[in-house]
Amino acid sequence: MHVAPYDMPPWRPPSEAYSVLIRVTRGCPWNRCAFCAMYKDMKFQVKSLEEIERDLKVALQLYGPDVSTVFIGDSDSLVTKVNFMVEVLELVRRYFPHLTRITSYTRGRTLANRSKEDLKRLREAGLTRLHVGLETGDPWLLEYIHKGLTPHEMVEGGRKALEAGFQLSLYVLLGIGGENWWERHALGTAQVLNQISPHFIRFRTFIPVPSTLMHQRIEEEEFEPACPLTVLKETRLMLEDLECSSTLLSDHVSNYVSIEGRLPQERGKMLEDLDRIIAQLEAAPHLIKTLQDRHKRVNL
Ligand code: SF4
């Protein structure tokens, strides 16, 4: 079978591992987060409907019409015009009529800037789930990592997305407060999550990536990375403060431990697990070094 070139989105959430990946934009329209190198050398572009349809034709040839989930790349497809995105979604559903989920990344500020009507139109056109990087809820840290987002915008955007009927996933970047600001990171993040109650809270752990500002700050000793024990204490403090109704997931290779469960029902059990692991590490400090070494080998 001859297959035309297919524009592959390089990044997608682990939960979309079995989805057909369709790229609607290339790169990140923000591209300034101090910890991120994902799209550093890529100029942000919105693809044409013709290009998108060409990829859909290839995907149909490869996977057949019975595909059930599609992930739309790259980092913020909701920044495109609503009419355009509605056309894209209709096109996707025409090629794959049996879809049960279409997912996209977006940013908290993009959601806050979108009207409720626009978000409803996107939802009605078939977009089902949104993944958004909150990283931290602490206002000072959000500025420090150049997230381009305030806690207020995240709460406003998150609530609007939920009202429009989206399933909402928020990412939390454990360790981004380092050794010095982990408490404010934990408490500020819990505060924002409590005001939104997203369907999913997904933990990732900070890994300094060469060529990023955070990496440079570490080299220059301006930022002290959190050791595994601090990250676990930070996670515990956050969890203790979480009062939202959400599913907590640690579905990423960067995490030191896998803490998962329903909130609030399973919070007690998760706290017990964390206490046990923290006590084990405190009793056997060589394990901290093992975790650190393993973490350094994670290739993002
Ligand atoms: S973390 Fe997301 S929003 Fe920030 S620069 Fe990277 S892709 Fe863009």
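Across which strands does helix H6 lie? Helix H6 (residues 151-163) lies across strand E6 (129-135) and strand E7. The structure shown is a predicted model, and the legends below describe several close-up views of it.

**Figure 1. Helix H6 against strands E6 and E7.** Helix H6 runs at about 150° to strand E7. The 13 residues of helix H6 should span 18 Å at 1.5 Å a residue, and its end C-alpha atoms are 18 Å apart, which agrees with that expectation. The buried residues of helix H6 are Met154, Val155, Gly157, Gly158, Lys160 and Ala161. Among the elements that cover these buried residues are helix H3, helix H4 (116-124), strand E6, strand E7 and helix H7 (182-196). Helix H6 is followed by glycine 165, whose phi is positive, near 100°.

**Figure 2. Leucine 111 in helix H3.** Helix H3 comprises residues 108-113, and leucine 111 lies within it. A residue counts as buried if 20 or more other C-beta atoms lie within 10 Å of its own. Leucine 111 has 25 other C-beta atoms within 10 Å, and is therefore buried. When residues up to four places away in sequence are left out, leucine 111 touches Thr106, Val132, Gly157, Gly158, Lys160 and Ala161. Gly157, Gly158, Lys160 and Ala161 are also among the buried residues of helix H6. By contrast, proline 97 is 14 residues from leucine 111 along the chain, and the C-alpha atoms of the two are separated by 27 Å.

**Figure 3. The open sheet of eight strands.** The strands follow the order E1-E4-E5-E6-E7-E8-E9-E10, with mixed pairing. Strand E1 (20-23) and strand E10 (261-263) stand at the edges; each has a single partner strand, so one side of each is left without a neighbour in the sheet. On average, neighbouring strands of this sheet are turned by 25° against each other, direction ignored.

**Figure 4. Strands E1, E4 and E5 within the sheet.** Strand E1 and strand E4 pair in the parallel sense over four bridges. In strand E4, phenylalanine 71 is the bridge partner of leucine 21. Strand E4 (residues 69-73) also pairs with strand E5 in the parallel sense, over four bridges. Here the bridge partner of isoleucine 72 is serine 104 in strand E5. Four of the five residues of strand E4 are buried, so this strand is largely enclosed by the rest of the structure. Strand E5 (residues 101-106) is mostly covered, with five of its six residues buried.

**Figure 5. The pairing of strands E7 and E8.** Strand E7 (residues 167-174) and strand E8 (residues 200-205) run parallel and are joined by six bridges. Leucine 173 stands opposite arginine 204 in strand E8.

**Figure 6. The residues around the ligand.** The ligand is surrounded by Cys28, Trp30, Asn31, Arg32, Cys33, Cys36, Met38, Tyr39, Ser75, Arg107 and Gly133. By class, this shell has six nonpolar, three polar and two charged residues.

**Figure 7. Two cis peptide bonds.** Most residues other than glycine have a negative phi, and most peptide bonds are trans. The peptide bond from glycine 73 to aspartate 74, however, is cis, with omega near 0°. Aspartate 74 lies in the loop between strand E4 and helix H2 (82-95). A cis peptide bond also joins leucine 263 and proline 264, where omega is about 5°. Proline 264 lies in the loop between strand E10 and helix H10 (267-283).

**Figure 8. Serine 197 and serine 211, residues other than glycine with a positive phi.** Phi of serine 197 is near 55°, and this residue is placed in the loop between helix H7 and strand E8. Serine 197 is partly exposed, because 17 other C-beta atoms lie within 10 Å. Phi of serine 211 is near 85°, and serine 211 is found in the loop between strand E8 and helix H8 (213-219). Is serine 211 buried or exposed? A residue is exposed if 12 or fewer other C-beta atoms lie within 10 Å of its own; serine 211 has 9 within 10 Å and is therefore exposed.

Terms used
Residues numbered from 1 in each chain as written. Predicted model: local features only at pLDDT ≥ 70, side-chain atom pairs only at ≥ 80, totals over all residues. Helix = DSSP H or I, 4+ residues; strand = E, 2+ residues; numbered from the N terminus. Contact = placed C-beta atoms within 7 Å. Pairing = 2+ DSSP bridges. Axes fitted to C-alpha atoms, helices over the stretch in contact; angles between N-to-C directions. Near = placed C-beta within 6 Å. Nonpolar A, V, L, I, M, F, W, Y, C, P; charged D, E, K, R; others polar. Expected span 1.5 Å × (residues − 1).
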